[in-house]
Amino acid sequence: MRDIFALITERVLRDFGEGPICAHVGDIHTCAIKNHPTYGILRDRVRLGRSKSVASLRTWESVESLAREGDKPEREKWLIMLLDLLTPYFRGWSKELARRWNYEVSDIRSAMVEGALEAWFSHADSTPSRKLLDTMMTRAFARARSLVDAGSSETCAEDVSQFAIDATKEEESTLRASSIIDATIIRDPDADERIRGERTGALLKRMGAMEHTTILHGRIRGGSRNGKEAPAITPKQMSRSWVDGMNLYYRFSELLPEHISFSDAANSIGISESQASRMARKGTLPFRVFWVGNTRVVSVKSLMAVLGIQDSIVHPDDVENGAAHCGGQ
């Protein structure tokens, strides 16, 4: 039976490759720090045992935020990395427990991973990052001990995916009207889509942001999205893309910066930076924080969710039509 720790490491190396990675905000192109290590070097630098360094704890906090707040396809990748950063400290425990209890080390390690994930899914939304780290380690040990007490040897797995399958579980989002449209009076999905896009365009025109929007539209029509994935097209949208065979839809958040400063994020929800810092230490801050070196930043998408701003899917034609109407063209 394959060792689950080895499978986790293999999975991370497969997902992230041998090139440089950004464990701050997830994208080396948007990160303020320009020199990024490979995953192997990063893993060697992180110390999460008894003597935790400040840099290691900040890396943990950022990776945890990416595992919770990243785009759906990416969350499982970052969660697996989070587990792999723990395995060096689980490794020694598992060997000692196996020797002391005369038990299969592979079963104990699988139980530890299960315990760590149980803690993650139970506490990640409400527990400060550093306390969550201790909780995951404690739960891992307790889960291994309960395995021995129960006399079971059936927890070992050959595929790490079965442990992290819940990482991407969430309701499938459907195309809905934005908050400025009364969804109860719009019955035609196509009309709903067009009205939403036109109102977005009118809003951007009034804000003086259409020049920036037009540049994004040009990139999208030219097949470039700066590496971002296009929103999924629903069956009802297929006729729209059939005209030119392209998926031109994009999310409103693509018009915004990916991250803003910690102080600006705090101000946007009506609190001071010092108050936000205290809330972060207590684990009561409504948005997640990423560490870029010694600087804290916040995901704009995360902040939009906190403020109840829907990240609507729009089409360039509709946005431009709405801006033209607003401008009297």
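Asn-102 counts as exposed because its relative accessibility is 71% (buried is under 20% relative accessible area, exposed over 50%, partly exposed in between, with a 1.4 Å probe and protein chains only). The model is predicted: local features need pLDDT of at least 70, side-chain atom pairs count only at pLDDT 80 or more, and totals for chains, interfaces and linings use all residues. Residues are numbered from 1 along each chain as its sequence is written, and side-chain values use heavy atoms, without hydrogens and water.

Asn-102 sits in the loop between helix 4 (72–101) and helix 5 (105–123). Helices are DSSP runs of H or I with at least four residues, strands runs of E with at least two, both numbered from the N terminus. Asn-102 is not a glycine, yet its phi is positive, about 55°. Most residues other than glycine have a negative phi.

The second largest pocket holds about 530 Å³ of space. Of its 22 lining residues, Glu-61, Pro-128, Ser-129, Ala-280 and Gly-283 are the closest to its centre. A pocket is an open set of points on a 1 Å grid over the protein atoms alone, where a 1.4 Å probe fits, with protein on both sides within 12 Å along at least five of seven lines; lining residues have an atom within 4 Å of a point. Points are joined across faces, edges and corners, and the volume is the space filled by probe spheres set on them. Helix 3 (54–69), helix 6 (129–150), helix 12 (273–282) and strand 3 (289–292) each supply at least two lining residues. Helix 3 gives the largest share, four residues.
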